[in-house]
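Start with the strands, then turn to the sulfur atoms.

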Amino acid sequence: QAQLQESGPGLVKPSQTLSLTCTVSGASITNSNNYWSWIRQPPGKGLEWMGAISYSGSTYYSPSLESRTSISRDTAKNHFTLQLSSVIPEDTAVYYCTRGAGSLVLSDCWGVGTQVTVSS
């Protein structure tokens with residue numbers, strides 16, 4: 001059973017770059033047909049899919065965030081990362097990493113989430 005764990009700073013200042021890492025255990029991020037996503041939930045709002053990286057390394061981004069988002073991976077460490085540049089207070093949210101087994105849009109395995117606050 002795959003397990004995902006987010007890590008990164010809980011507080012980021014406006015205009016800086018938010019960087020989070022998702023460490024995966026129990027499964028390889030290169031396993032065929034798996035998609036590894038970042039999803040966030042701002043306080044009082046719904047879930048927002050931000051983007052994903054596939055088992056082959058292809059990346060996909062939400063159009064509304066594409067200009068500020070970068071997702072990459074380290075296959076040797078079996079983890080993938082999110083970078084969100086030029087953050088604003090509205091980027092404050094709980095950030096989740098997920099796996100979609102055979103699906104880019106449906107996640108079957110989630111990390112516990114990590115709170116990120118954007119504030120000076």
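This is a predicted model. Begin at strand β3, residues 18-25, and its link to strand β8, residues 79-84. The two run antiparallel and are joined by 6 bridges.

C22 leads from the strands to the cysteines. Which residue forms a disulfide with C22? The partner is C97, with the two sulfur atoms 2.1 Å apart. C22 lies in β3, while C97 sits in strand β9, residues 93-101. The pair links distant parts of the chain, 75 residues apart. The structure holds 1 disulfide. Such a link is a covalent bond between the sulfur atoms of two cysteines.

What is the handedness of the disulfide of C22 and C97? The torsion about its S-S bond is about 65 degrees, so the disulfide is right-handed.

Are the two ends buried or exposed? Buried means under 20% relative accessible area. C22 has 0% relative accessibility, so C22 counts as buried. C97 is also at 0%, and therefore counts as buried.

C109 is in no disulfide. The nearest cysteine sulfur to C109 belongs to C97, 8.7 Å away. A disulfide needs the sulfur atoms within 2.5 Å. C109 is buried as well, with a relative accessible area of 7%.

How values were computed
Residues are numbered from 1 along each chain as its sequence is written. This is a predicted model: local features need pLDDT of at least 70, side-chain atom pairs count only at pLDDT 80 or more; totals for chains, interfaces and linings use all residues. Side-chain values use heavy atoms; hydrogens and water are left out. Two strands pair if DSSP finds at least two bridges between them. Helices (H or I, at least four residues) and strands (E, at least two) are DSSP runs, numbered from the N terminus. Buried means under 20% relative accessible area, exposed over 50%, partly exposed in between (1.4 Å probe, protein chains only).
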